[in-house]
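These are my notebook entries on a structure that I had not looked at before.

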Amino acid sequence: MDKTGKHSPPASFGLQHNELPQRPMWQIVMVASIAAGVQFGWALQLSLLTPYVQLIGVPHVWSSFIWLCGPISGMVVQPVVGYFSDKCTSSFGRRRPFIAVGAFLVGVAVFFIGYAADIGVSTGDQMGAPSKPRAIAIFVVGFWILDVANNTLQGPCRAFIADLSGSNSRKIRTGNALYSFFMGVGNVLGYAAGSYPHLYKFVPFTKTDACEVYCANLKTCFFISIALLATVTILALSLVHEDRYVPEHTEESKSGKQMVFFGEMFRALKGLSRSMWILLLVTCLNWVAWFPFILFDTDWMGKEVYGGTVGEGTLYNRGVRAGALGLMLNSVVSGLASLFIERVSRWSGGVKRVWGGVNFLLAVSLGMTVLVTKLAESTRQYTTLPDGTRTPLAPNVGVKAGALGIFAVLGAPLAVTFSVPCALASIFSNDSGAGQGLSLGVLNLAIVIPQMFVSVLSGPWDALFGGGNLPAFVVGGVAAAISGIFALVMLPSPAPDELSKVTGGTMH
């Protein structure tokens with residue numbers, strides 16, 4: 001127990017014994033801007049990766065293996081990186097070495113992904129073959145490296161923001177809101193770049209015999225992504241400095257090097273405060289709600305809203321493109337909403353009310369997908385082709401507007417989801433004296449475990465009800481409502497903002 005009579009956190013939790021001074025807001029903005037470079041690349045994956053995967057002939061059995069690398073790497077990499085960034089004693093600082101390594105690995109991964117077809121053909125793949133095994137192998141390696149790199153990069157970025165904020169909870173929330181804003185900026189830029197079909201003409205050498213237009217566009221967009229990420233990362237790491245971390249000579253620092261990481265991770269989980277456990281529960285339910293829509297949003301537009309069938313005609317592809325437009329609207333709203341999270345939280349009485357409220361908005365929006373789908377089915381018109389085949393026409397303007405409206409409205413809860421949980425994890429870790437890096441890594445477990453759960457079970461669940469995406473969306477809506485209730489009723493409120501202002505972020 002400490003002098004106040006409270007139990008000290010376990011040594012395994014990466015204690016922050018020294019109070020970190022607050023830094024100017026412009027430094028927090030610089031670090032948060034790295035999110036734009038990271039998210040630009042993710043948006044490109046969502047908009048261009050599907051045709052590229054088809055180009056190199058990735059079999060269906062490989063597809064699920066590839067997409068599982070995200071949650072698997074997130075489950076392992078973020079806590080490990082967070083733990084070691086808390087204890088890093090480099091003269092470059094605690095967080096900056098990991099951010100620099102992560103950005104470098106993103107560049108390596110993008111090279112492998114973009115040039116997989118070229119390298120595959122140059123090492124023995126046949127040009128016109130339906131499947132190119134060497135290109136597939138290189139692509140898979142690049143994709144895994146990309147996920148590891150992003151997890152290496154993002155956790156220390158958020159921890160760095162919390163370090164720069166000291167223990168000022170308002171600054172921590174603002175910093176995470178800015179991170180969410182720059183994620184929206186990166187999404188908008190990425191979707192815009194990915195939607196322009198002739199971008200490769202600005203870099204003509206990207207188009208080769210092995211790499212056709214889709215592939216060349218992907219290369220060009222990834223070159224832009226590397227340039228953007230390198231620019232914002234170099235600027236942030238050059239202008240925002242860290243003091244060298246010197247651990248105190250306690251029993252924890254002497255014994256820590258002999259401890260196996262996963263043993264310490266287990267002890268850290270056992271030592272979590274009640275506030276963190278509730279935060280993990282709310283976050284887990286929140287992401288059970290989000291992942292069905294994130295995974296199947298454009299597929300829902302192509303199948304249920306537009307009435308198309310995969311691989312038959314152009315209607316499904318038109319729906320997918322409309323879904324891409326919806327993602328663009330979602331990103332714009334998300335970026336703008338991020339700027340108002342702090343103001344709305346003060347007006348509403350706290351961030352827990354904001355988070356709880358937008359979870360109910362998420363639940364209603366997912367429920368509205370059922371209404372839009374039924375309207376699309378009841379108003380669908382058909383045309384008869386010369387061979388006598390009846391084929392559906394695109395939905396009417398009202399149905400399209402309703403579907404796109406759902407995408408747009410969901411931008412607000414997405415902004416809160418990307419901001420508030422990380423801010424609360426940083427605040428609760430400050431209150432308990434726990435390390436920022438490991439705290440955010442533990443929080444990431446509450447995100448990747450639901451992702452694996454949804455990825456594995458959503459397909460059989462949808463098939464149980466005759467196929468389609470609505471059953472998973474309905475489950476998501478129920479999870480969102482429960483998450484909203486828990487956020488409002490069980491989640492503790494952080495320290496009042498006024499106290500942070502008066503004390504300058506320190507508790508006396």
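**Entry 1: Phe 453.** I looked up Phe 453 and found it partly exposed, with a relative accessible area of 45%; here buried means under 20% relative accessible area, exposed over 50%, and partly exposed in between, with a 1.4 Å probe and protein chains only. Phe 453 has its place in helix α18, which covers residues 436-464; helices are DSSP runs of H or I with at least four residues, strands are runs of E with at least two, and both are numbered from the N terminus.

**Entry 2: what I am working with.** I note that this is a predicted model, in which local features need pLDDT of at least 70 and side-chain atom pairs count only at pLDDT 80 or more, whereas totals for chains, interfaces and linings use all residues. Residues are numbered from 1 along each chain as its sequence is written, and side-chain values use heavy atoms, with hydrogens and water left out.

**Entry 3: the whole chain.** I noted 20 helices and 2 strands as the secondary structure of the protein chain. Of its 508 residues, 53% are buried. The chain exposes about 22000 Å², of which carbon and sulfur atoms supply 68%; these areas come from the Shrake-Rupley method with a 1.4 Å probe, and for residues only the protein chains shown count as cover. I also looked at contacts, meaning heavy atoms within 4.5 Å, and among those with a separation of 6 or more, 80% join residues 24 or more positions apart.

Entry 4: Which residues does Leu 164 touch? Leaving aside residues up to four places away in sequence, I listed Pro 21, Gln 22, Arg 23, Gln 27, Ile 28, Val 31 and Val 240. Leu 164 is in helix α7 and is buried, with a relative accessible area of 2%. Its C-alpha is 9.3 Å from that of Val 240, which is 76 residues away in sequence.

Asn 151 also has its place in helix α7, and it counts as buried at 10% relative accessibility. With the residues up to four places away again not counted, its contacts include Gly 70, Ser 73, Gly 74 and Asn 444.

I next turned to Val 80 in helix α4, residues 69-87, which is partly exposed, with a relative accessible area of 21%. Val 80 and Gly 441 are 361 residues apart in sequence, yet their C-alpha atoms are 7.5 Å apart in space.

**Entry 5: rings.** I found 13 aromatic pairs in the structure. Rings of Phe, Tyr and Trp (its six-membered ring) pair if their centres lie within 6.5 Å, and planes under 30 degrees apart count as stacked, over 60 as edge-to-face and the rest as tilted. Trp 287 and Phe 291 are a tilted pair, because their ring centres are 5.0 Å apart and their planes stand at 40 degrees. They are 4 residues apart in helix α12, residues 274-305, and so are separated by about one helical turn. Trp 287 counts as buried at 7% relative accessibility, as does Phe 291 at 6%.

Phe 293 and Phe 407 form another tilted pair, at 5.2 Å centre to centre and 55 degrees between the planes. This pair links distant parts of the chain, since Phe 293 is in helix α12 and Phe 407 is in helix α16 (residues 397-409), 114 residues apart. Both Phe 293 and Phe 407 are buried.

I also recorded one aromatic cluster, formed by Phe 111, Phe 112, Tyr 115, Phe 205 and Phe 223.

**Entry 6: cores.** How many residues has the largest nonpolar core? I noted 85, and Ile 34, Trp 300 and Val 305 are among those with the most contacts inside it. Helix α7 (residues 133-164) gives the most to this core, with 13 residues. Apart from it lies another core, of 29 residues, including Leu 280 and Leu 491. A nonpolar core is a set of buried Ala, Val, Leu, Ile, Met, Phe, Trp, Tyr and Cys residues joined through side-chain atoms within 4.5 Å.
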